[in-house]
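Please look over the sequence and the model shown here before reading on.

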Amino acid sequence: MTLVDVLAIALVLASGGAFLGGEIALARAEDLRAIYWLTVGVASLRAAVQIARPGKRE
Amino acid sequence: MAAQAAVPGTYAWGVTVAPGAWARGAPVSARIAAIAALAALAAGATAERRWGERARITGVWAFAVACAVSWSASPRGLSSFRVDAPRGLAGMLAWGLFAFASCTPVAPVHSASAAGSSTRPPRGDMAYVAFGVLLASLLEVAGWRIESAERALLVRFIALAAGLAVIGAAAQVALVRRLPRRALQGSRRLRGAAVALVVLGLLALTGLLVLVLG
């Protein structure tokens, strides 16, 4: 396992935390906070998937 | 992937089957069928690794039939008057997602054949998927006591969508380990994710600024 793999796993974990934060904020009717956390979650997940997808194989 | 269908399946079970099976006055047969449904879902996800498509289809059908048996055996199951609208809508959403996830074809493992390995998942792949499923399950914990029906539905929808995305990402991270070493260069992978990482950095900076200044 390389350092980049660890980063990808950490980003997936971070996205889970961010999504959970977004859900909790949404449940408390704190919409702006919810949008922020959900955006962080999507960005984290996107980064994790991009790291895990190195493009065309050679 | 059956594991992907397991999350909306468990959610659909929790929203529509469990409340009826464990309602006051529900017969034991409803509870047994409900437990059998959950067991069929878990067995289908596990057996798919060994027996492939047949096990997946059998698991999905066993789950659906056991849920139907449990629901019809419980006294409140078939009474539309006793199903409140938010729960009914959440159930419809969950069963729709379950159907969608169940009929999604299993992704072909090109990388495995290219790398010269067998199609059997390498050790550790299931740990990645289990990690994703656990994380997705944690997302289902929040937001069950919301007064507004619309907001409750939105939270449930976001929880389900985020859960499925997290499982997909975890599977992707697991699969990348099968690629040839040349394709796994760290700098190349980081370059590919540069835009998302920059956006994430900007979001973190913004959050930090709001926290400090606010």
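Predicted model: local features only at pLDDT ≥ 70, side-chain atom pairs only at ≥ 80, totals over all residues.

Where chain A and chain B meet, 37 residues of chain B are in contact with 36 residues of chain A. On the side of chain B that touches chain A, four helices, H6, H7, H8 and H9, each supply at least two residues, and H7(B) gives the most, with 12 residues. The make-up of that side of chain B is set out below.

| Kind of residue | Number on the side of chain B that touches chain A |
|---|---|
| Nonpolar | 28 residues |
| Polar | five residues |

The largest nonpolar core holds 78 residues, of which A:Val12, A:Ala48, B:Ala37, B:Val166 and B:Val173 touch the most other members. Helix H7 of chain B, residues 149-175, gives the most to this core, with 15 residues. Leaving aside residues up to four places away in sequence, B:Val173 touches A:Ala8, A:Ile9, A:Val12, A:Ala48 and A:Ala52 in chain A, together with B:Tyr128 in chain B.

B:Tyr128 is also one of the buried residues of H6(B), the others being B:Val129, B:Gly132, B:Val133, B:Leu135, B:Ala136 and B:Leu139. Seen down the axis of H6(B), these buried residues fall within an arc of 160 degrees, so they line one face of the helix. The length of H6(B) can be checked as well: at 1.5 Å a residue its 15 residues should span 21 Å, and this agrees with the 22 Å between its end C-alpha atoms.

Technical notes. Residues numbered from 1 in each chain as written. Chains lettered and ligands numbered in written order. Core = buried A, V, L, I, M, F, W, Y, C linked by C-beta atoms within 7 Å. Buried ≥ 20, exposed ≤ 12 C-beta atoms within 10 Å, placed from the backbone. Contact = placed C-beta atoms within 7 Å. Nonpolar A, V, L, I, M, F, W, Y, C, P; charged D, E, K, R; others polar. Expected span 1.5 Å × (residues − 1). Arc of directions from axis to C-beta.
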